Amino acid sequence: MRLTLSLLHLFIGVMLVAIPNLTRREILFAVPVPQGFRDTDAARRAVAIFRIVVALATVLCVSALLLVPEDLLNATAAVVPLVLVAATGISFYLQNRKLAPAAVQHTRAYEAELSDAPDRLPGYWPLVFVPVLLFGAAALYLDANWDQIPERFPIHWGADGQPNRWAPRSLKGVFGPLLFGVMMSGWFTLMLFATWFGSRRTRMRSVMFGGMMAIHLMLALLFSLLGANVLLRLPPWVIALAPMTVILPIIIAMVRKMSEAGEPMDPTPNECWKAGIIYYNPNDAALFVEKREGFGYTFNFANRWVWGLLVGLAGVIAATRLVLP
Amino acid sequence: MAPPRIKFDPSSLVPAVRQIEDSLRILLVDGQLAPGTSLPSVRRLAMELGVHFNTVAEAYRLLASEGWLELAHGKPAVVMPRSVPPTPDASWAEEFRERLRGLAAQLRSKGIPADQIAAELRAVAEGISR
């Protein structure tokens with residue numbers, strides 16, 4: 001388990017080191033830069049400093065996971081991701097500030113079709129209801145085999161692979177994870193529709209909708225497997241990997257499609273971006289805009305509907321205390 | 001036939017309301033937006049153009065006040081049949097001249113000859129069908 005955790009964090013560290021490459025050429029540390037800027041000394045220095053900091057943090061974290069005594073492994077496994085995220089975030093922010101004076105404002109005229117024809121969702125949108133079938137099937141399976149459910153069963157495992165929390169055979173204990181999955185799925189359904197109707201000017205919204213749908217189905221599969229696992233008794237790594245096999249090819253295809261050359265940047269005003277990550281523009285009706293770093297969308301935090309979605313997510317997370325055993 | 005399109009340039013110094021209003025008026029005067037045509041909702045057009053809802057709503061209101069559009073709560077804006085109005089009093093000319101003067105000065109400052117500006121203006125005025 002110790003080795004698996006170390007390899008996992010090494011992989012995450014390598015991905016974090018690659019961040020400057022996982023974005024458009026005309027963006028560096030969320031700063032829109034002139035053509036050819038990436039070949040300048042300033043750009044190379046910024047990338048090198050970022051990579052050194054993230055690489056050092058990764059080495060530190062992996063070493064800690066390999067070397068700490070057994071009784072400190074769980075605590076170390078909880079702290080290590082935070083250290084990696086903090087080192088990456090701080091280093092990214094510092095390079096963003098350093099390159100900010102080199103920023104250029106990308107310009108492009110927006111175009112709109114003057115039509116009142118309905119804005120139709122992609123034809124496969126009814127897949128959004130598949131989770132209802134998955135959760136329903138899992139619930140029926142549990143109900144039909146109630147007597148075979150142990151009086152007490154594990155629901156959480158530590159970094160050492162050993163169970164560290166159990167639930168009794170009760171309505172909350174057995175159906176709680178499924179109920180949480182239903183709530184999560186409901187919130188994700190709202191996100192799916194918001195993604196489609198709240199990002200009308202982005203040229204990649206079909207790709208985004210497809211990717212979000214894949215994540216939606218993956219979460220439903222994950223939570224229905226988790227819920228039914230009291231009877232299925234699959235090893236935790238199977239449950240973790242099963243959805244990944246569904247989602248990874250779709251995510252890779254999505255990123256490849258979105259990184260295709262020739263798509264001009266969304267000319268959102270530079271002054272509306274905070275640290276290149278948070279978009280706040282009260283004069284823009286969009287709920288979602290293209291991210292300045294990486295691929296995909298981010299919220300327009302000036303839109304009140306976005307806050308509605310976030311409050312909904314907070315509600316789902318808060319409900320874990322009520323519905324999970 | 002594909003529905004007409006309008007453009008909005010966020011980097012332009014021309015205010016957003018004016019850009020949208022002018023683009024729509026060109027299509028209305030030119031007959032590309034025929035009477036009875038429904039326009040997209042304020043929310044939809046604002047999202048596509050990257051502006052606030054009020055900006056599109058104001059552009060629609062201005063065109064409605066000129067008799068081009070009919071606005072009703074909860075319904076799409078509809079293009080109205082509109083005959084050519086009688087020429088208004090002479091005050092229009094002063095405002096029009098002032099706007100043209102600014103545009104002409106802008107083009108002259110970029111080195112475009114006066115006769116070319118005049119020719120372009122004539123071509124545009126005659127190109128609009130109504």
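Me: How many residues of domain 1 of chain A are in contact with domain 2 of chain A?

Reply: In this predicted model, 18 residues of domain 1 of chain A are in contact with 15 residues of domain 2 of chain A, contact meaning heavy atoms within 4.5 Å. The domains span 2-102 and 125-323, with bounds from an automatic or database domain assignment.

Me: What is buried between domain 1 of chain A and domain 2 of chain A?

Reply: The two domains bury about 1,300 Å² between them, 56% of it on carbon and sulfur atoms, where buried area is the accessible area (1.4 Å probe) that two parts lose on being put together, summed over both.

Me: What makes the meeting of Arg24(A) and Glu290(A) a salt bridge?

Reply: The term requires a side-chain nitrogen of Lys or Arg within 4 Å of a carboxyl oxygen of Asp or Glu; the N to O distance here is 3.4 Å, so the pair qualifies as a salt bridge.

Me: Why is Val14(A) called exposed?

Reply: Exposed means over 50% relative accessible area, buried under 20%, and partly exposed in between (1.4 Å probe, protein chains only). Val14(A), found in helix α1 of chain A, has 51% relative accessibility and therefore counts as exposed.

Me: How do you know which residues and atoms were counted?

Reply: Local features need pLDDT of at least 70 and side-chain atom pairs pLDDT 80 or more, whereas totals for chains, interfaces and linings use all residues; side-chain values use heavy atoms, leaving out hydrogens and water. Residues are numbered from 1 along each chain as its sequence is written, while chains are lettered from A and ligands numbered from 1 in the order in which they are written.

Definitions and conventions
Helix = DSSP H or I, 4+ residues; strand = E, 2+ residues; numbered from the N terminus.
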